[in-house]
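Please work through each task with the structure open before reading the solution.

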Amino acid sequence: MAEIINKATRESFGMALCELGKTNKNIVALDADLSGSTKTAMFQKAFPDRFFNCGIAEGNMISVAAGLAACGKIPFAASFAMFATGRAYEQIRNSVAYPGLNVKIAGSHAGISVGEDGATHQCCEDIALMKTLPGMTIINPADHWEMLEAVKASVEYNGPVYLRLGRLAVDSFNDPDNYSFTLGKGITLHEGSDITVIATGIVVKDALEAVLELEAQGISARLINIHTIKPIDEDIIVKAAKETGRIVTVEEHSVIGGLGDSVSDVTSRLCPVKVTKIGIQDRFGYSGPAKELLKLFGLSKENIAKVVSDIVKAEK
Amino acid sequence: MNSAEIIKLKKLACKARSGAIIGTYNAKSGHPGGSLSAADIFTYLYFKEMNVDSSDPKNPDRDRFVLSKGHACPSLYAVLAMKGYFPFDELKSLRHVGAMLQGHPDMKGTPGIDMSSGSLGQGVSAACGMAAAGKLDGKSYRVYTVLGDGECEEGQVWESAMFASHYKLDNLCYIIDYNGLQIDGNVEDVAGLNKLKEKFEAFGFGTVEINGHDFNELEAAFNQARSCKDKPFAIIAKTVKGKGVSFMENQAGWHGVAPNDEQYKQAMAELDAQMSELEKEEA
């Protein structure tokens, strides 16, 4: 078993960006007065000339990044997910996505695990917003190791990418020695035949603990980690739908427009099965400690296990 | 500039105006007013000021141009065509299905267009990014962006101005096509800009106010912009919306309406007459 690293994915993002910045001089970073939180401050410290603090002006930041990309730079523009994708949505659409420019947007403090700051800062709509944009790639890494690889893949890929980062420190579960990241490909973390759980982001680990617990109870649940929400891995979803029938999706995002909808879209077109979505149920969050909120919104291993087990038992 | 050079530029600008009329007439839509007000600025930039080569449109060392007021593209397209980026006849299919020339500039599909634009406020920021990239790479290219006076109501224009000045982008020049009109009427009546020059100065820009239809003044302004160090420069070019077509001049109603058959004929007759005058002067 690999060493467990307890780290927020934003921290891993900052580390990866610094590492890649050493060899790729075209990488530049932009921030909107949140560099200490998004961890682009690490890049600023290492490469001050290649860092642009844009102040609290996210719209300008995104279009500036587009201009940098039009001149061959690989800009990473970071802010909280709420402001990066919400405030600057139209700049992303028209300055970045429409011309297909090589801009990487890093949205940190995504989901309700922002915690105490409350609903105004808890962005559970970022994936939905980014998904509507033609040509946008969306990556939502689950742990430290996956984030390192995701940042690397974002640099290697030429085109707009939205990268989702979390605030909360989470334990890693991937083994770096046996881990490989392929953009657009899901990863089967656990085999199973009764039902499939498809999860994304920092709640994948909770889903993993849930399926292991279910196994002990005699329920064979498959677990798929979808780090790339767009373009989504249709093959792995269709295969699961065919082999296990039922699917439960788990995401720290609105069930409208998130992973659950992407999975349902695939199954309804290619292999209709019942899809149950665990996520934020069309509502706003509120203040509180992140871990408590995740539990209250059903994003705990206990709730995931219960939902899965109820479905399997009801349909047995 | 000597008078022969000025006449040459005036002729090019006149043809750019004809291109804008031909384009919007054939499209049965588009924005003649702002295309005509900015035609002299585009002409000066591409035929006098900027270091660009249509046979090498992606040269990394070229000067960049961003039309932040993207709707004024018909006359820009005409200038690009005259510069050799594509045939002038393309203007006849402006805004048609499958045509190269989109209603607003598209950098992916149109040679010579350095940035897609049209959503107001965004082009100026992209120009800032291009200027920042030039500084980073130690390149000597310059970046020019034309924006509208109405566009200055967009908050992003001022976000970009703060950025440009904070990063001392002296390789960047804003040109405000100050024609005084926007869709809903007089800019001063809709949401007055008040002291625009002073505003840009307060944001850390070098500034000059000129007649945007006078090539001597344009030349002096761009020379001043180039010699301005450690800060960006804003040229406030006072212009006439609809310039060159009598019935379109100073009419907000011609912001986004295409000429009909009759109006097309009259507009082209006026522009042809202006061209003949210039040819006479030349001879």
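## Exercise 1. A helix of chain A

Helix α9 of chain A, residues 204-216, has 13 residues and spans 19 Å from its first C-alpha to its last, close to the 18 Å expected at 1.5 Å a residue. The model is a predicted one.

**Task.** Determine which residues of α9(A) are buried, and which elements these buried residues pack against.

**Solution.** 
1. The buried residues of α9(A) are Val204(A), Lys205(A), Asp206(A), Ala207(A), Leu208(A), Ala210(A), Val211(A) and Leu214(A).
2. In chain A, the partners of these buried residues are the strands β8 (170-171), β9 (187-190), β10 (195-199), β11 (221-225) and β13 (247-254), together with helix α13 (301-314).
3. After α9(A) comes Gly218(A), which has a positive phi near 90°.

## Exercise 2. The side of chain B that touches chain A

**Task.** State how many residues of each chain are in contact, and identify which element of chain B gives the most to that side.

**Solution.** 
1. The contact involves 25 residues of chain A and 23 residues of chain B.
2. On the side of chain B that touches chain A, the elements giving two or more residues are α5 and α6 (155-166) of chain B.
3. The most is given by α5(B), with eleven residues.
4. Sorted by class, this side of chain B has twelve nonpolar, eight polar and three charged residues.

## Exercise 3. Packing of helices across the two chains

**Task.** Describe how α4(A) and α5(B) pack: what is the angle, and how far apart are the axes?

**Solution.** 
1. Helix α4 of chain A (residues 58-70) packs with helix α5 of chain B (residues 122-136) at an angle of about 50°, and their axes are 6 Å apart.
2. The two helices α4(A) and α5(B) are therefore oblique to each other.
3. Their crossing is right-handed.
4. From α4(A), the residues in the contact include Ser63(A), Ala66(A), Gly67(A) and Ala70(A); from α5(B), they include Ala126(B), Gly129(B), Met130(B) and Ala133(B).
5. The residues of this contact comprise eleven nonpolar, six polar and no charged.

## Exercise 4. Packing of helices within chain B

**Task.** Describe the packing of α1(B) with α4(B): at what angle do the axes cross, and which residues make the contact?

**Solution.** 
1. The axes of helix α1 (residues 3-27) and helix α4 (residues 73-83), both of chain B, cross at roughly 125° and come within 7 Å.
2. Helices α1(B) and α4(B) are therefore oblique to each other.
3. The crossing of α1(B) and α4(B) is right-handed.
4. Leu12(B), Lys15(B), Ala16(B), Arg17(B), Gly19(B), Ala20(B), Gly23(B) and Thr24(B) of α1(B) make the contact with Pro74(B), Ser75(B), Tyr77(B), Ala78(B), Val79(B), Ala81(B) and Met82(B) of α4(B).
5. These residues divide into nine nonpolar, four polar and two charged.

Note on methods. Residues are numbered from 1 along each chain as its sequence is written. Chains are lettered from A and ligands numbered from 1 in the order in which they are written. This is a predicted model: local features need pLDDT of at least 70, side-chain atom pairs count only at pLDDT 80 or more; totals for chains, interfaces and linings use all residues. Axes are lines fitted to C-alpha atoms, for helices over the stretch in contact, and angles run from 0 to 180 degrees between N-to-C directions. Helices (H or I, at least four residues) and strands (E, at least two) are DSSP runs, numbered from the N terminus. Angles under 35 degrees count as roughly parallel, over 145 as roughly antiparallel, 65 to 115 as roughly perpendicular and the rest as oblique. A crossing is left-handed if the near helix is turned anticlockwise from the far one by less than a right angle, and right-handed if clockwise. Two residues are in contact if their C-beta atoms, placed from the backbone, lie within 7 Å. Ala, Val, Leu, Ile, Met, Phe, Trp, Tyr, Cys and Pro count as nonpolar, Asp, Glu, Lys and Arg as charged, and the others, Gly among them, as polar. The expected span of a helix is 1.5 Å times one less than its number of residues. A residue is buried if 20 or more other C-beta atoms lie within 10 Å of its own, exposed if 12 or fewer, and partly exposed in between; C-beta atoms are placed from the backbone.
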